[in-house]
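Here is a walk through one protein model and its ligand. Keep the viewer open and click along as you read.

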Amino acid sequence: MGNTKYIFVTGGVSSSLGKGIIAASLAKLLQARGYRVTIQKLDPYINVDPGTLNPYEHGECYVTEDGAETDLDLGHYERFLNQNTSQANNVTTGRIYQSVIEKERRGEFLGKTVQVVPHITNEIKERIQLLGKTGDFDIVITEIGGTVGDIESLPYIEAVRQMKWEMGDDNALVIHLTLIPYLSAAAELKTKPTQHSVKTLMESGIRADILVCRTEHELSEDLRTKLALFCNVKQEAVIQSIDASTIYDVPNMMLEEGLDTVTLKKLGLKDTTKPDLKQWNEFLKRHKNPKAEVQIGLIGKYVELQDSYKSILEAFIHAGAENEVRVKVQYIHSEHINSNTIGKKLSKLDGILVAPGFGERGVKGKVAAVQYARENNLPFLGICLGMQMAVIEFARNVLNLEDANSAEMDDKTKHPVISMMEDQKNITNLGGTMRLGSWKCEVKKDSLASKIYKSDIIEERHRHRYEFNNKYLEQFETAGMIATGVNPDTGLVEIVEVPSHPWFMGVQYHPEYKSTVANPHPLFVAFVKAVNEHATKKK
Ligand code: GLN
């Protein structure tokens with residue numbers, strides 16, 4: 001194929017309509033027809049990356065292979081496409097400005113006045129085309145965060161307008177995702193907010209090519225005609241996106257609505273093959289027809305907002321389908337676990353996962369949950385902070401190091417079983433000082449990990465500052481907690497296990513980031529299998 005084609009996805013009327021899922025679903029359909037596709041997210045906030053954002057505000061921070069801390073939509077892109085993304089796939093206003101200001105300081109603008117137009121817009125256009133220019137992709141889908149009409153989206157919208165003008169309608173198209181609200185008092189779907197939002201786009205010089213309409217009820221033919229006429233799009237370009245029971249249904253729904261066909265037609269691309277969704281549909285079949293159900297407790301402190309643990313929840317869906325088991329995740333706030341409540345809160349569970357996290361709050365409850373799992377032979381998986389909690393619990397209750405702690409929670413503890421790497425200690429600036437992205441891990445022979453991974457060397461993604469303190473390793477191993485995964489270059493502990501327990505594993509890395517529909521993560525698959533076996537035995 002010749003030039004890379006660009007698709008822009010904008011949002012109107014309301015936020016949280018699922019632009020990421022629509023972008024990922026369209027990408028899936030195009031990929032399933034043999035096109036090479038990638039997706040990019042542009043975020044209009046001023047943080048340089050979402051790494052410093054509170055999960056309550058923005059959901060999980062997703063980490064790519066190259067260690068970029070990114071928007072959680074990139075997780076959907078990877079899970080749908082089974083393809084890695086990178087720093088280039090997520091750009092924020094903060095990063096754009098940072099880069100323009102650095103250029104200004106270097107004198108690259110030759111004394112010119114630096115302005116939003118053209119300097120910021122040019123930087124945006126450059127970032128959009130970065131992926132296209134690699135030659136690796138036929139189509140780049142760019143999702144513009146926020147809602148049309150927002151002050152902070154304006155430079156992005158202007159950049160899109162310029163790109164459409166420069167490239168022509170065959171090479172760049174705009175999909176506008178909008179909401180068709182249902183007024184129950186009138187028993188009617190309303191198109192007016194969409195008309196206004198399309199007009200707002202027009203005021204910025206952009207004509208939407210395709211409308212994707214989020215709705216709780218079917219759009220009638222009449223309504224589609226009305227939307228087409230008043231929003232200035234072809235009728236076939238009015239696409240209904242009705243609420244789905246799972247996000248994994250959306251590619252098939254978009255296929256039925258012809259989103260891929262109309263996209264290809266507008267871009268002047270061949271529409272000769274049917275999308276091959278065989279593997280995808282097999283996954284869906286298993287996901288929807290489980291033979292058993294298990295209860296897994298997710299112990300964390302951000303449980304009020306499910307988006308905080310997005311990748312973990314999705315990894316359970318993939319692993320559940322693989323095992324033909326429905327995984328019911330019970331959210332348990334770590335601050336609500338204490339000696340009075342623990343039995344009531346945890347006794348009905350078939351397995352326990354202690355989640356990643358930062359800071360002191362809720363640590364007591366997490367340690368108590370690990371102890372419960374360890375002493376009651378409940379399958380246990382600790383991820384990142386969860387692994388560190390498992391180490392602290394073991395130190396306190398098995399090694400009898402009463403005040404064992406992580407230096408993150410108590411930097412004066414006598415027994416910092418989790419501490420900071422020497423070369424990190426002088427860094428005080430919080431942004432960008434973590435061990436991030438993909439690191440190698442050597443897996444010990446005959447361990448649970450080696451049975452699961454079936455490989456001596458694995459690579460997993462990280463996002464943390466603190467590490468297992470190797471000064472204590474011998475003491476731990478003698479007492480029965482073994483390091484079965486170690487970084488070959490630094491000796492840092494990556495995996496701990498308790499071999500006398502039926503299934504107990506703590507991992508310093510985040511396996512959830514690498515689980516996709518096509519490749520459910522082996523650790524999650526094995527954990528769900530162990531949880532299911534435990535549940536079956538209990539009956
Ligand atoms: N707070 C811990 C650390 O920085 C764990 C981080 C995490 O769970 N992602 O090491």
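Gln508 sits in the loop between strand E23 (504–507) and helix H18 (522–538); helices (H or I, at least four residues) and strands (E, at least two) are DSSP runs, numbered from the N terminus. This is a predicted model, in which local features need pLDDT of at least 70 and side-chain atom pairs count only at pLDDT 80 or more, while totals for chains, interfaces and linings use all residues. Residues are numbered from 1 along each chain as its sequence is written, and side-chain values use heavy atoms, with hydrogens and water left out.

Is Gln508 buried or exposed? With a relative accessibility of 0%, Gln508 counts as buried (buried means under 20% relative accessible area, exposed over 50%, partly exposed in between, with a 1.4 Å probe and protein chains only). Leaving aside neighbours within four places in sequence, Gln508 is in contact with Cys384, Met387, Gln388, Arg435, His462, His464, Tyr466, Glu467, Phe468, Val493 and Glu494; contact means heavy atoms within 4.5 Å. The Gln508 side chain also makes a polar contact of 3.4 Å with the side chain of Gln388, and another with the side chain of His464, again listed at 3.4 Å. A polar contact is a pair of N or O atoms within 3.5 Å; within protein, one must be able to donate a hydrogen and the other to accept it, and residues adjacent in sequence count only if both atoms are side-chain atoms.

## Around the ligand

Which residues surround the ligand? They are Pro356, Gly357, Phe358, Cys384, Leu385, Gln388, Glu408, Arg463, His464, Arg465, Tyr466 and His510, going by a cut-off of one heavy atom within 4 Å of the molecule.

Some of these come with atom-level distances. A backbone N or O atom of Gly357 is 3.0 Å from a ligand oxygen atom. In the side chain of Gln388, an N or O atom lies 3.1 Å from an oxygen atom of the ligand. His510 places a polar side-chain atom 3.2 Å from a ligand nitrogen atom.

Take helix H11 (residues 278–288) and helix H12 (residues 310–323) next: they pack at an angle of about 85°, with their axes 8 Å apart. Axes here are lines fitted to C-alpha atoms, for helices over the stretch in contact, and angles run from 0 to 180 degrees between N-to-C directions. That makes H11 roughly perpendicular to H12, since angles of 65 to 115 degrees get that label, while those under 35 count as roughly parallel, those over 145 as roughly antiparallel and the rest as oblique.

H11 brings Phe283, Arg286 and His287 to the contact, and H12 brings Ile317, His318, Ala321 and Glu322. By type, the contact residues are three nonpolar, two polar and two charged.

## Buried spots elsewhere

Leu259 is found in helix H10 (residues 259–267) and is buried, with a relative accessible area of 0%. Not counting residues up to four places away in sequence, Leu259 touches Ile22, Leu26, Ile175, Ile210, Val212, Ile239 and Met254. Leu30 is 229 residues from Leu259 in sequence, yet their C-alpha atoms are 9.9 Å apart.

Thr413 lies in the loop between strand E16 (405–406) and strand E17 (416–420), and is buried at a relative accessible area of 10%. The Thr413 side chain reaches the backbone oxygen of Asp403 at 2.7 Å, and a polar atom of that Thr413 side chain lies 3.1 Å from the backbone nitrogen of His415.

Most residues other than glycine have a negative phi, and most peptide bonds are trans. Against that background, Val117 and Pro118 are joined by a cis peptide bond, with omega about 15°. Pro118 belongs to helix H5 (residues 116–132).

Ala187 is not a glycine, but has a positive phi of about 50°. Lys454 also has a positive phi of about 50° without being a glycine. You'll find Lys454 in the loop between helix H16 (448–453) and strand E19 (457–464), where Lys454 is exposed, with a relative accessible area of 72%.

Methods:
Nonpolar A, V, L, I, M, F, W, Y, C, P; charged D, E, K, R; others polar.
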